[in-house]
Every structure is written in C-alpha cells, then in structure tokens.
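Hi there,

Here is the structure I promised to pass on to you. My notes follow below it.

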Amino acid sequence: MVVTQVGQNLFGIIVDRVFDTEEIVVKPVAPILRHVTMFSGNTILGDGSVIMILDPNGIARATGVGAEAMQEDRRGASVAAATSAERLSLLLFRAGGGAPRAVPLGLIARLEDLPAERIEMSHGLPVVQYRGALMPLVPMTEGWVPPEPGGRQAVLVFNDSGRAMGLAVDEILDVVEETLKIENGQERPGFLGTAVIAGRATEVVDCAWWLRQAGEDWFGPQRPASTSRPRILVVEDSAFFRNMLVPALGAAGFEVTAAASGTQALKLREAGESFDAIVSDIEMPELDGLGLARAVRDGGAWHDTPMIALTSHTDAAAVARSREAGFADHVPKFDRDALLGALRGCLAEMPAGRR
Amino acid sequence: MEAALAHRRAPVPAAADAAILTLTVAGQLCGVPVLGVRDILGPQAITPIPLAPPEVAGGLNLRGRIVTAVDLRRRLGLPPRNPAGPPPMSVVVEGGGELYALLADSVGDVLALPESGLAPNPPTLDPLWQGVCAGVHQNVPDGGEAPGRLLIMLDVERVLDIG
C-alpha cells in the first residue's frame, strides 16, 4: 500500500509490489493519452524501460477524494494553527512491560519483522544486513536478548540520508490518528512524556534520543539531554511540506509549531506565543513570507526572533529581497541539512539565557 | 533507417511516383508514405498503459524518446495478434510533433507506385476503414507470380486520431 496525501486527505493506493525509488524527469504523455488523468506523465528508467507515472491528484479526483479537500485546505487557514503536539498518525507498539509506547508514524521509514537469523553481533552490539549496508539495532528494553532461532524480531526502521537505524521492539500494536497531548511526567531519557492514546496511557518516545543510541552522530552536534528543546515556528502553506518539516525538525530536537500562512503566524504572536526561531516559506497566499518578516520586524514581541526563509528561488535578487525584509538566512526548500545548519547557526547567536 | 531500407529492391521513384512503405496487418497489405516514416524497429519491449484507448498498445523507448505504440490490428478492427506468433514490427511515424509506433505484423518493400494509380476509397469499404484510408492501389505487384494485390493507403494523421 502506498499512502499518499492530496490536500488534507490521506489515502492509500494498493499495489502488488514496491520495487525501489528512482530519481526521474517526468515527461508529458502523448496527446492521445491526455484524457487519462490518472497519469502525470511518463519517463524512461535507468534500465531503458518506459514507465507511467501515477498522479495522486488525478486518482483522488477520479475517486472523488480530490477537489473538495483542496478547498478545505484553503479554508483551514482561518482555523488556529496546528502544533506538532496535535493531530498525528502514531504507531503504537510494546517494548518491555508497562504502558504501550507511541512514536509519530511520519518518522518511521519502514516496519520490519526480521527472522532471528538476520540479527548478527558486531562488537557486542546487534546489527542487521539491511539493503546492502549494516544497520545498527537499538534494543528498547534493557537486558534485550536476540530472539530464539526461528523466532522473529519486530523492528522500527528509521532512515536518514542513506543511513538506517533499527529500534528493536517487542510487538507492533496499531496505527492510530490522535490528538497528541503530552503530559510531562518525570524526566526520563528516551521519552517525551505520557499521553492518552486510544484510551490508554501511552509513553511517547523521543526518537532523537534513541537515534543517538545507535552511536552515530545523527543530527549534528549533540545537545545535552537536559536543555529544553528550542521552539521553532514553521510557516508553510503547503500541507505536504508542513508534514515533512514538522517531524524532521521534531526528530532533530526542536519543538515545532506549524502555521499555514503568515496571517496565522501573526495570530500566534497576538496569542502570546513565543519562539526561538521562525522558519517561513516565501510564496504563500494572503500574507507571504516577506510580508510576515516585515510585520515581525516592525515591532511587537517577535521583533528580534531570528527568521529563516525557505524558498525555491535562490538567486541573488531573491536573497537580497528576503534579507531586506528581515530574514537572517535563506535556504532551499528541500535541503534539510542546510535548514538544520541555519537553525543551529541562528540559535547559537542568540544571547544566552533566552533559552 | 537508411541501413534498414538500403537492401530493398526499390526502384528510384520517378517524379509522378510516390514511395510507399508496405506493411501487412492481419494479411491485409497496407501502405504509408515513406517520407512520413521516421524509423522501423524490430520487436520492442512495450509498457502497457492502463486506461489508454484499446488501440494504444503502450509506450516504448526509442533511443531515449518515449514513443506511443498504436496496434494497427486493433485500430483497424482486425482480429488480435496470436500471442504465440512472431512479435510485431514498429513503423515509427510523426503526428502533431510526437512520435508514434504503428504496430504491423510485418514490414515489406518500399514500392514506387504511380500517384495516378491511387483510386479513391471504394464505397463498399468498411466505414471504420473509410475513416483511416487515403485511397487504394490496385494490382500492386507482390514480388512473386501471384496476381497483384489491393494495397490500402493509410492516412497516418487519421490513424492517430484516436479517442
């Protein structure tokens, strides 16, 4: 099943098999096929074969999911901003005794059920040969032992620029969509706190902490576990990019609030919210990123909050315009590493004591 | 393409002759003007396109260009090809700036036929064929002792007017 999102609607496309991912250039289909709206184009793969490229928008329209959702997305702009602590797809699993545990589904690359034979030991640590590389397995429970021969191990696979890490858990329970409201209990490394999910007290896992247990420097310089997470406001009108940025920044150790427009962001200012940095798209309906930056710099509670522009235009004139409007930095929309670098840069410049 | 056609025994067409590439579709001799032919290909890997009109066999890769393949049997309402039989040949033509491959059972000689010999479509011709034929040539030599055959000239533009 391939899960896609059009507007605010998630829907699944049932396929027989998933092969691989490939970077492609989409070419338009021949005019005699233009009426087939389920394809956005076609292309030639590395092996020379021709493939058709499905258009989730066209499929959504054909099944009646589409157009309405788009409008709703626009209307959604008047509703209060959704913070990362709100409606999310959560994976519920069990690891060790006690309460079930949850992790945002968006952070997980794949779920695996590995046979015991696949788990090998290297320097006393479990590893798995996974997609042509060695993937460290991080057990979630203390005193973990590999499954008996013939047994299986449930693994949540996290992926980041080609590196994979597996979190070994006892059992995968369910995927639920819930309003995640974390009650901060006692500080426990590896957990963000407890939330009521599917009617049960559930421990919400701090992915960034567990990823660091893989021994690799996953998200750049490590922050002391005791520092409170810097608060970031993400202003982005595309639901797709919001959904991509919020978990990515969350996993990198930020507390993320998302707003769908500049107007919505300013409402948060009026509501007395404060942030350590603002990441904003430039092109947005209503109040765009430049307008937002001017409004922020104009005075008010956020006038010295650093702002980073996300944009697809990186020419000198565009950079000059956004600097003039008040952005401290300027990063391409798809470059997560550049964004994390820029965020760290402007947070480091901030006077100590503010965090 | 030159190489593919060089060995053909085609006489150099005279001024009033039209060079016609002959092809066979379910036993029927058809022709297309050579000048409109961009390439002739042997059996190709063709990717089927779901939801496409039934005449569209799929897409194929011609040296990095995506070419839409049109099955002439289906386009002309002829019985489907025997899947166990020899694979079809592709005659690549251009239509509206795009390349299309016409799938024929076999590709024959290039003939120089006098333009004056092109007769209008016989009124008895099937209405579906009326729409895609640009006239007929009678008594086309078959290369053997057999009596001349009827050759149907395909109007490429109209063959590609699908859907």
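A definition to begin with: pLDDT is the predictor's confidence in each residue, on a scale from 0 to 100. This is a predicted model, so I kept local features to pLDDT of at least 70 and side-chain atom pairs to pLDDT 80 or more, while totals for chains, interfaces and linings use all residues. Residues are numbered from 1 along each chain as its sequence is written, and chains are lettered from A and ligands numbered from 1 in the order in which they are written.

**Confidence in chain A**

Chain A has a mean pLDDT of 78, with 81% of its residues at 70 or more. The lowest confidence falls in helix 2 (residues 66–75) of chain A, with a mean of 43, and the highest in strand 18 (residues 277–281) of chain A, at 93. Helices here are DSSP runs of H or I with at least four residues, strands are E runs of at least two, and both are numbered from the N terminus. Across residues 67–86 of chain A, pLDDT stays under 50, and the model gives this stretch 36 contacts beyond four places in sequence. Two residues count as in contact if their C-beta atoms, placed from the backbone, lie within 7 Å. Where pLDDT is low, the predicted coordinates should not be read in detail.

**Helix 5 of chain A**

Which residues of helix 5 (residues 262–270) of chain A are buried? They are A:Gly262, A:Gln264, A:Ala265 and A:Leu268. Buried means that 20 or more other C-beta atoms, placed from the backbone, lie within 10 Å of the residue's own. Seen down the axis of helix 5 of chain A, the buried residues fall within an arc of 165 degrees (taken from the directions from the helix axis to the C-beta atoms), so they line one face of the helix. Their cover includes strand 16 (231–235), strand 17 (255–259) and helix 6 (289–297) of chain A. Just after helix 5 of chain A, A:Gly272 has a positive phi of about 90 degrees.

**Helices 6 and 7 of chain A**

Helix 6 of chain A packs against helix 7 (residues 316–325) of chain A at an angle of about 30 degrees, with the axes 8 Å apart. Axes are lines fitted to C-alpha atoms over the stretch in contact, and angles run from 0 to 180 degrees between N-to-C directions. The two helices are therefore roughly parallel (an angle under 35 degrees). A:Leu290, A:Ala293 and A:Arg294 of helix 6 of chain A meet A:Arg321, A:Ser322 and A:Ala325 of helix 7 of chain A.

**Chains A and B**

The contact takes 15 residues from chain A and 17 residues from chain B.

Best wishes

Definitions and conventions. A residue is buried if 20 or more other C-beta atoms lie within 10 Å of its own, exposed if 12 or fewer, and partly exposed in between; C-beta atoms are placed from the backbone. Angles under 35 degrees count as roughly parallel, over 145 as roughly antiparallel, 65 to 115 as roughly perpendicular and the rest as oblique.
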